[in-house]
Amino acid sequence: MEFPTRHDGETTARPLWLLAELTYACPLQCPYCSNPTELAQIGREMDTADWIRVLGQARAMGAAQLGLSGGEPLVRRDLEEIVAEGRRLGFYSNLITSGVGMDADRAARLAEAGLDHIQISFQASNAELNNFLGGTDSFEQKKEMARAIKSQGYPMVLNIVLHRKNIDDIEEIIAMAEALDADYVELANTQYYGWAWHNREALLPTREQLAHAERVTTEYRERGGAMKLYFVVPDYYEERPKACMSGWGEIFLTIAPDGLALPCHAARQLPGLSFPDVREHDLDWIWCESPAFNHFRGYDWMAEPCRSCSEKTKDYGGCRCQAYMLTGDMYAADPVCAKSPSHHRVTDAVERANERPVAEASSQPIVFRNPRNSKRIHGTATER
């Protein structure tokens, strides 16, 4: 296949990783959810035939990894059918789930359909905090489902999102994962998009909390523990920005529940970009030709200091969504970068977090993820 060239003359990369956000519906209401806060404004979900067509087009373009996420993908009654089509096409498929809506029979059906990998999330290491953050009595069910998943021969892969309210329990979190016989554990510090952006003041940890969690994680590794621990530092405590999605429209392709094709799951918030609908355009045109997917490819769009930065080929100017949220300008250097003239917007937030005693975290208001709060955020009341 001869790959087309993009506006800067370079060969357009092909998507390797397809994230299928099957639904934004979810039985949980986590206040750090990366789903868009405008939940109440998003249209109808794609049906099974739409998703099967998308999988076929993505695979023909070279996509090999298939992530099935949400919301909660288990809400979809056609999940097994979508998984089976992914297997038929040759995808390696990964279900990203809270475990709520899973039982032993469904775990077996998903295995039979050809699902390769399941990642199950916990909100905390104890029932009280887990159920408070998720907004539902799910802790014991999560543990039961984790065991059911393991019984189907899947590796035990756990994800725990860390933040100010649970990061001090890092020892208990690791102990819980060991008790569940986990193979891999992602200790993912909250990144401030979606609902987490509106809850940043309540969720951003202190330097001391973060250092303690990193130290405990390192000590576990040095003891030779059987689990593989992955500790993801929050962007706000870095000096250099991440290469967001490994470059805009370079590797990752996200399809939202309503059919919008996005270079990343948060991109729909960026102003002035019209993201194409997979029910109106085929994926090859969307990826190679659409204005939205070409908008931040290459380096011509960059302003200073990114344009003349020697590291622009490594970080691509950082995250466009983070730049927009922090500065109001999606072309700005990611303020996480120490070279950004807006870096103080990050350091000021960090300093506020460190000046406020951890014990006061409970006094900070939390906006839980649900349609009612979605309307409030985007109506007359806001949290920022």
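**Ground rules**

I number residues from 1 along each chain as its sequence is written, and my side-chain values use heavy atoms, with hydrogens and water left out. As the model is predicted, I take local features at pLDDT of at least 70 and side-chain atom pairs at pLDDT 80 or more, while totals for chains, interfaces and linings use all residues.

**Entry 1: the sheet**

I began with the strands. Helices (H or I, at least four residues) and strands (E, at least two) are DSSP runs, numbered from the N terminus. Two strands pair if DSSP finds at least two bridges between them.

I found an open sheet of 9 strands in the order 7-6-5-4-3-2-1-8-9, with mixed pairing. Its edge strands are strand 7 (228–232) and strand 9 (261–262), each pairing on one side only.

Next I went through some of the pairings. Strands 1 and 2 run parallel over 5 bridges. There, Leu19 has Gly67 of strand 2 as its bridge partner. Strand 2 (residues 65–69) is also parallel to strand 3, over 4 bridges. Gln65 stands opposite Tyr92 of strand 3. Strand 3 in turn pairs in the parallel sense with strand 4 (residues 117–122), over 4 bridges. Here I noted Asn94 opposite His117 of strand 4.

The chain goes from strand 3 through helix 3 to strand 4 in a right-handed β-α-β crossover. Right-handed means that, with the strands pointing away from the viewer, the path from the first strand over the helix to the second runs clockwise. Strand 2, helix 2 and strand 3 also form a right-handed β-α-β unit.

**Entry 2: helix 3**

Which residues of helix 3 are buried? I list Arg106, Ala107, Leu110 and Ala113, within a helix that spans residues 104–113. They sit on the same side of helix 3, because they cover an arc of only 125 degrees around the axis. The arc is that of the directions from the helix axis to the C-beta atoms. Buried means under 20% relative accessible area, exposed over 50%, and partly exposed in between (1.4 Å probe, protein chains only).

On the other side of helix 3 I found Asp105 and Glu112 exposed. The buried residues pack against helix 2 (79–89), strand 3 (92–97) and helix 5 (139–151). Contact here means heavy atoms within 4.5 Å.

At the start of helix 3, a side-chain oxygen of Asp103 comes to within 3.2 Å of the backbone nitrogen of Asp105. Just after the helix, Gly114 has a positive phi of about 110 degrees.

**Entry 3: salt bridges**

Side chains of opposite charge can pair when their charged atoms come close. My criterion is a side-chain nitrogen of Lys or Arg within 4 Å of a carboxyl oxygen of Asp or Glu. The structure holds 21 salt bridges.

I opened the pair Arg14 and Asp284, at 2.9 Å, N to O. It links distant parts of the chain: Arg14 is in the segment before strand 1 (17–21), Asp284 is in helix 10 (residues 283–288), and they are 270 residues apart. Arg14 is buried at 9% relative accessibility. Asp284 is partly exposed at 34%.

Arg76 and Asp78 form another salt bridge, at 2.8 Å, N to O. Both Arg76 and Asp78 are buried.

Glu351 pairs with Arg207, with the closest N and O atoms 2.3 Å apart. This pair also links distant parts of the chain, 144 residues apart: Glu351 in helix 14 (residues 344–355) and Arg207 in helix 9 (residues 207–222). Glu351 is partly exposed at 31%, and Arg207 is partly exposed at 40%.

I also noted a network of salt bridges joining Arg200, Glu201, Arg352 and Arg356.

**Entry 4: Asn189**

Is Asn189 buried or exposed? It is buried, at 3% relative accessible area. Asn189 belongs to strand 6 (residues 184–189). A polar atom of its side chain lies 2.9 Å from the backbone oxygen of Val232. Leaving out residues up to four places away in sequence, Asn189 touches Leu162, Ile167, Pro205, Leu210, Phe231, Val232, Val233 and Pro234.

**Entry 5: Lys375**

Last, I looked up Lys375 in helix 15 (residues 371–377). Lys375 is exposed, at 58% relative accessible area. I read 40 Å between the C-alpha atoms of Lys375 and Gly90, which are 285 residues apart along the chain.

Technical notes. A polar contact is a pair of N or O atoms within 3.5 Å; within protein, one must be able to donate a hydrogen and the other to accept it, and residues adjacent in sequence count only if both atoms are side-chain atoms.
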